[in-house]
Each structure stands twice: as structure tokens, then as C-alpha cells.
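Here is a short briefing to read alongside the structure.

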Amino acid sequence: MNTIAAAISVTAAAAATAASSDGGGRRHRRGSVYVRCSSAADERQALFSRIAPVYDQLNDVLSLGQHRTWKRICVSWSMAKRGDRVLDLCCGSGDLAFLLSQKVGLDGEVMAVDFSRQQLQTAASRRDQRWKCCYKNINWIEGDALDLTFPDRYFDAVTVGYGLRNVVDKPKAMREICRVLQPGSRASILDFNKSSSFFTASLQSWAIDNVVVPLASSYGLTEEYKYLKSSISEYLTGEELEKLAKEAGFSSAKHYELGGGLMGNLVATR
């Protein structure tokens with residue numbers, strides 16, 4: 001087993017310790033831990049494992065680098081600050097986790113959770129390649145967005161980047177996010193926007209069919225990226241996301257369109 005895989009594959013008992021709290025006091029545990037994913041959809045988990053090796057390269061090409069701007073906005077709107085303990089759910093290859101790490105500093109802690117071990121291995125490898133001292137505060141955790149192992153009111157901020165759309169049970173995931181957040185804290189959730197504008201929706205659909213899928217096919221990932229179109233059509237509009245957040249227990253929620261309406265970011269306050 002290589003060192004990156006070994007870092008992620010620690011015992012479940014160690015994962016439980018990393019996520020434990022003594023009733024208000026914080027127990028920090030640096031490093032990377034493994035949490036068994038109990039109910040993640042196997043098919044989607046396999047899909048994201050397959051695209052992991054080229055995920056970042058495709059993101060850069062397909063968005064012309066704009067995804068980095070949208071991710072910085074997402075992290076900024078989470079209101080994470082120095083010393084905070086934060087959760088990056090569905091962390092993928094780690095872009096938001098790296099940004100959060102710099103926000104909270106060495107006094108803070110970042111729990112980066114994903115159900116794809118391959119994505120986590122990619123993220124851990126990227127951390128080693130682009131090392132900054134603050135990245136020591138990141139814990140890579142293989143886990144389930146529908147069954148988080150953390151105690152209630154554990155985090156000062158939560159981010160989700162391009163993940164909620166792919167969760168099988170979105171209401172349950174939103175309830176879990178609300179549960180682990182401190183009162184008054186924010187969840188910032190970035191994803192493709194399901195636009196109510198015919199023009200924007202048509203442009204988005206054309207781009208997927210004529211740019212995204214053909215480019216992905218050059219990497220042998222045609223079917224994997226065809227899934228993108230159906231996942232957006234089955235996703236929620238901005239208004240529906242606001243309603244979902246409030247029904248999950250958030251006190252307020254506002255959805256903002258980004259990138260000319262092609263992307264959207266939900267900001268929900270517990």
C-alpha cells in the first residue's frame with residue numbers, strides 16, 4: 001500500500017476519535033482518517049472514482065479556469081475565519097478544502113469528507129505537491145454525506161462544492177449539514193444552476209452536448225460526463241434549494257446565480 005492510501009486508510013476507531021467532542025471542548029487530531037461509507041450510492045461512487053485522475057484538468061479546460069473564482073466565492077460566503085473548525089463535504093480533489101485551510105489557519109481544522117477514496121487519494125497527493133504549512137490542518141475522511149459521524153453543532157462553517165446535486169437523498173443531506181453546524185453559522189453550497197431561464201438552460205444544455213461530452217470522450221469518459229446533463233435536470237432550482245434548506249432547519253437561505261446563471265451558490269444560516 002502506498003503512503004497516500006495508507007494515510008487515508010486508518011482504522012474506523014481513529015476516525016471516531018477524530019470526530020469526537022467532550023461536550024464543548026475541542027479535540028483536534030491532525031492527519032487523514034478513514035470512515036466507512038454506509039449508504040452511499042455505489043454507482044455514483046464508482047463514477048467519481050473513475051473520473052478522479054483527470055477531474056481537475058477537465059474542470060480547468062471546461063470552465064476556462066472560472067471554477068476557481070466560483071470556489072473562492074463559495075468559501076468566502078461560508079464566513080469561515082481563523083481558528084474555526086470547518087467541514088468541506090463532498091470535497092472531491094480538495095480545492096475548497098485547500099482554500100478553507102488558508103482561511104482557518106493552523107489554529108483551525110478542516111474536515112474534508114468524500115465517499116470516493118480515489119478522489120481523496122488525489123486530494124492527498126495534491127496536498128503533498130503544493131504543500132503549505134497550513135495544510136497540516138486538513139483531515140481527509142472517507143464518509144457518507146447522509147450519515148455524518150460528527151456530533152451536533154460541531155462545525156463553524158460548512159462548504160459543499162458540486163456535491164449536493166449528486167447526493168441520493170438531498171433533504172437528508174441538508175438535515176445532516178444543519179445538524180453539525182453551530183447556531184448562527186453558515187453552509188455555502190456551490191453547484192451547477194438549474195436555471196428557470198429558457199436561454200440559460202438551453203445554453204447550458206448545448207454546452208454539455210457540444211463541448212463537455214466531446215472533450216470528456218477524448219479521455220474515455222463519455223458516459224461519465226453524459227450523466228452531468230441528467231443530474232442538472234433532476235436537481236433543484238434556486239427557489240427549491242432555499243425551501244429545502246429552511247425545511248431542514250436553517251433559519252434563512254438565499255440562492256445566488258454565478259457565471260451568467262450557469263452556476264449557483266446557496267448560502268444557508270442555521
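A residue counts as buried when its relative accessible area is under 20%, and as exposed when that value is over 50%, with partly exposed in between. Please keep in mind that this is a predicted model. Y162 has a relative accessibility of 11%, so it falls in the buried class.

- Strand 2 covers residues 85-89, and five of its five residues are buried, so the strand is largely enclosed by the rest of the structure.
- Burial applies to both of its faces: R85, L87 and L89 lie on one side, while V86 and D88 lie on the other.
- Strand 3 (residues 109-114) runs parallel to strand 2 and is joined to it by five bridges.
- Within that pairing, L87 has M111 of strand 3 as its bridge partner.
- Strand 5 (residues 155-161) also pairs with strand 2 in the parallel sense, here over four bridges.
- On the strand 5 side, T159 is the residue that stands opposite D88.

**Helices**

- Helix 6 (residues 95-104) belongs to a right-handed β-α-β unit, together with strand 2 and strand 3.
- Helix 5 (residues 66-77) has an axis that comes within 10 Å of that of helix 6, and the two cross at roughly 45°.
- The crossing of helix 5 past helix 6 is right-handed.

- Most residues other than glycine have a negative phi.
- C90 has a positive phi, near 55°, although it is not a glycine.
- You will find C90 in the loop between strand 2 and helix 6, and its relative accessible area of 18% places it among buried residues.
- Y162, also a residue other than glycine, has a positive phi near 55°.
- The loop that holds Y162 lies between strand 5 and helix 8 (170-180).

**Cysteines**

- How many disulfides does a search of the whole structure find? The search finds zero.
- For C133, the nearest cysteine sulfur is that of C134, 7.2 Å away, and C133 is in no disulfide.
- C134 is likewise in no disulfide, with the sulfur of C133 as its nearest cysteine sulfur at 7.2 Å.
- A disulfide needs two cysteine sulfur atoms within 2.5 Å.
- C133 is partly exposed, because its relative accessibility is 42%, whereas C134 is buried at 15%.

Key:
Residues numbered from 1 in each chain as written. Predicted model: local features only at pLDDT ≥ 70, side-chain atom pairs only at ≥ 80, totals over all residues. Heavy atoms only, no water. Buried < 20%, exposed > 50% of the residue type's maximum accessible area, 1.4 Å probe, protein only. Pairing = 2+ DSSP bridges. Right-handed = clockwise from strand over helix to strand, strands pointing away. Axes fitted to C-alpha atoms, helices over the stretch in contact; angles between N-to-C directions. Left-handed = near helix turned anticlockwise from the far one by under 90°.
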